[in-house]
Amino acid sequence: MHRSKVAPTGAERRLGPDELIVSKTDAKGILTYANDVFCRMAAMTEEEIVGQPHNIIRHPEMPRVVFKLLWDTIASGREIFAYVNNLGADGANYWVFAHVTASYDASGRIVGYHSNRRAPERAALDAVRPVYAALLAEERRHAKASEGLAASAALLDSTLASAGLAYDEWVWTVTP
Ligand SMILES: Cc1cc2nc3c(=O)[nH]c(=O)nc-3n(C[C@H](O)[C@H](O)[C@H](O)COP(=O)(O)O)c2cc1C
């Protein structure tokens with residue numbers, strides 16, 4: 001499936017308050033497991049999901065710097081909590097509050113990753129949306145993707161540094 005062809009419709013799908021979206025990937029981010037809630041929210045079958053890279057649900061308006069931070073964090077073995085806007089195959093979007101961790105083999109090598117997501121509070125999204133919109137705008141101001149990413153990383157640092165926070169501290173300040 002060529003997910004780059006899925007255009008957001010503007011319809012928003014909400015995760016139930018007691019629901020969790022769960023997925024597992026290999027060390028490269030290829031999906032090896034998705035629960036029922038993942039499939040429903042992504043509007044895809046398990047067969048369409050497993051074996052695909054995790055960016056099959058990437059929303060075009062998510063700033064790249066958030067995924068860079070996610071990968072830098074989990075590849076170093078640390079956990080991350082992050083707000084992510086996802087895109088279903090039907091064009092509906094759904095916001096999640098994700099907790100992503102590495103999985104290890106007996107020798108301590110990272111063999112994959114695991115993510116659990118729950119529904120974000122509306123108040124948290126009110127705080128997150130403008131920050132992500134500014135990061136995306138910064139990324140789009142640059143013709144070269146690498147320059148846009150560097151500029152948006154600098155903007156994220158300065159935005160959070162003015163509050164004396166790292167991203168992993170900031171997420172908790174916006175989470176009721
Ligand atoms: C366990 C795990 C869970 C992830 N969950 C998501 C997710 O829910 N949505 C998403 O867009 N990317 C998720 N990613 C990140 C993707 O691998 C990818 O970096 C991101 O979609 C950006 O794609 P791009 O590099 O094509 O821009 C996850 C990665 C891992 C390892």
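This is a predicted model: local features need pLDDT of at least 70, side-chain atom pairs count only at pLDDT 80 or more; totals for chains, interfaces and linings use all residues.
Residues are numbered from 1 along each chain as its sequence is written, and side-chain values use heavy atoms, with hydrogens and water left out. Local features need pLDDT of at least 70 and side-chain atom pairs count only at pLDDT 80 or more, while totals for chains, interfaces and linings use all residues.

**View 1. Helix α4 packs against helix α5.** Two packed helices are described by the angle between their axes and the distance between the axes. For α4 (residues 122-140) and α5 (residues 145-161), the angle is about 150 degrees and the axes are 7 Å apart. This makes α4 roughly antiparallel to α5 (an angle over 145 degrees). Axes are lines fitted to C-alpha atoms, for helices over the stretch in contact, and angles run from 0 to 180 degrees between N-to-C directions. Helices are DSSP runs (H or I, at least four residues), as are strands (E, at least two), numbered from the N terminus. From α4, Ala 134, Leu 135, Glu 138 and Glu 139 meet residues of α5, including Leu 149, Ser 152 and Leu 156. By class, the contact of α4 with α5 has six nonpolar, two polar and two charged residues. Ala, Val, Leu, Ile, Met, Phe, Trp, Tyr, Cys and Pro count as nonpolar, Asp, Glu, Lys and Arg as charged, and the others, Gly among them, as polar.

**View 2. Helix α3 crosses helix α5.** The axes of α3 (residues 64-75) and α5 come within 9 Å and cross at roughly 80 degrees. The two helices are therefore roughly perpendicular to each other (65 to 115 degrees). Arg 64, Val 65, Lys 68 and Leu 69 of α3 make the contact (heavy atoms within 4.5 Å) with residues of α5, among them Ala 145, Ser 146 and Leu 149.

View 3. An N or O atom in the side chain of Arg 58 is 2.6 Å from an oxygen atom of the ligand. A nitrogen atom of the ligand lies 2.6 Å from a polar side-chain atom of Asn 86, and a polar side-chain atom of Arg 117 lies 3.1 Å from a nitrogen atom of the ligand.

**View 4. Phe 81 sits in strand β3.** This strand covers residues 80-87. The C-alpha atoms of Phe 81 and Asp 168 are separated by 6.6 Å, although these residues are 87 residues apart along the chain. Leaving aside neighbours within four places in sequence, Phe 81 is in contact with residues including Phe 97, His 99, Tyr 167 and Trp 172.

How values were computed: Angles under 35 degrees count as roughly parallel, over 145 as roughly antiparallel, 65 to 115 as roughly perpendicular and the rest as oblique. A polar contact is a pair of N or O atoms within 3.5 Å; within protein, one must be able to donate a hydrogen and the other to accept it, and residues adjacent in sequence count only if both atoms are side-chain atoms.
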